[in-house]
Amino acid sequence: MHIANTHPLIIARIVGLNAHLFLKVGGGVVVSIKANCIDSTKPAEQVFAMEVQKMRAERIKPKEQLTLEPFERDHCIVAGEYTHVQ
């Protein structure tokens with residue numbers, strides 16, 4: 001499993017690069033998304049969807065997505081599985 005905490009604008013790319021380099025197919029990732037740090041002009045749900053789409057582009061299949069309400073507003077956690085095959 002790969003867990004990352006990095007700059008919010010590039011987190012999906014960083015997680016994807018690390019998955020390509022270090023995870024076997026089926027390896028797990030967990031990403032924390034803080035929507036208003038990525039784009040405060042859009043609704044949180046839209047930002048979450050954009051970040052999940054970026055994860056899919058990196059061959060990470062989302063398995064579960066949970067918001068952190070009521071503890072943290074506009075935050076979610078996405079757990080996924082690396083599926084890239086060459």
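Let me begin at the end of a helix: arginine 59 follows α3 and has a positive phi, near 65 degrees. Helices here are DSSP runs of H or I with at least four residues, strands are runs of E with at least two, and both are numbered from the N terminus.

A word on the source. This is a predicted model, in which local features need pLDDT of at least 70 and side-chain atom pairs count only at pLDDT 80 or more, while totals for chains, interfaces and linings use all residues. Residues are numbered from 1 along each chain as its sequence is written, and side-chain values use heavy atoms, with hydrogens and water left out.

I turn to helix α3 itself. It comprises 14 residues and reaches 20 Å from its first C-alpha to its last, close to the 20 Å expected at 1.5 Å a residue; the expected span is 1.5 Å times one less than the number of residues. Which residues of α3 are buried? They are Ala44, Val47, Phe48, Glu51, Val52 and Met55. These residues cover an arc of only 135 degrees around the axis, which puts them on the same side of α3. The arc is taken from the directions that run from the helix axis to the C-beta atoms.

By buried I mean under 20% relative accessible area; exposed is over 50%, and partly exposed is in between, with a 1.4 Å probe and protein chains only. The cover over the buried residues of α3 includes α1 (11–22), β2 (28–34), α2 (35–38), β3 (60–67) and β4 (75–82). Contact here means heavy atoms within 4.5 Å.

Glutamate 45 also belongs to α3, residues 44–57. Its relative accessible area of 59% makes glutamate 45 exposed. Its C-alpha is separated by 9.4 Å from that of cysteine 76, which is 31 residues apart from it along the chain.

Next, the nonpolar core. The term denotes a set of buried Ala, Val, Leu, Ile, Met, Phe, Trp, Tyr and Cys residues joined through side-chain atoms within 4.5 Å. The largest such core has 19 residues, of which Ile33, Met55 and Ile60 touch the most other members. At least two residues of this core come from each of α1, β2, α2, α3 and β4. The most are given by α3, with five residues.

What does isoleucine 33 touch, not counting residues up to four places away in sequence? The list is Ile38, Phe48, Glu51, Asp74, His75, Cys76 and Val78. Histidine 75, from that list, lies in strand β4, and at a relative accessible area of 13% histidine 75 is buried. Leaving aside neighbours within four places in sequence, histidine 75 is in contact with Ile33, Lys34, Phe48, Leu66, Thr67 and Leu68. Its side chain also reaches the backbone oxygen of arginine 73 at 2.8 Å.

Salt bridges are my last topic. A salt bridge is a side-chain nitrogen of Lys or Arg within 4 Å of a carboxyl oxygen of Asp or Glu. The whole structure contains five salt bridges. In one of them, the side chains of glutamate 58 and arginine 13 meet at 2.8 Å, N to O. Glutamate 58 lies in the loop between α3 and β3 and arginine 13 in helix α1, so this pair ties together parts that are 45 residues apart in sequence. Is glutamate 58 buried or exposed? With 10% relative accessibility, glutamate 58 counts as buried, whereas arginine 13, at 44%, is partly exposed. Beyond four places in sequence, glutamate 58 is in contact with Ala12, Arg13, Gly16, Leu17, His20 and Tyr82.

Lysine 63 is exposed at 53% relative accessibility, and glutamate 81 is partly exposed at 27%.

Finally, aspartate 74 and arginine 73 form a salt bridge, their closest N and O atoms being 3.3 Å apart. Arginine 73 is exposed, with a relative accessible area of 59%.

How values were computed
Polar contact = N/O pair within 3.5 Å; in protein donor to acceptor, adjacent residues only side chain to side chain.
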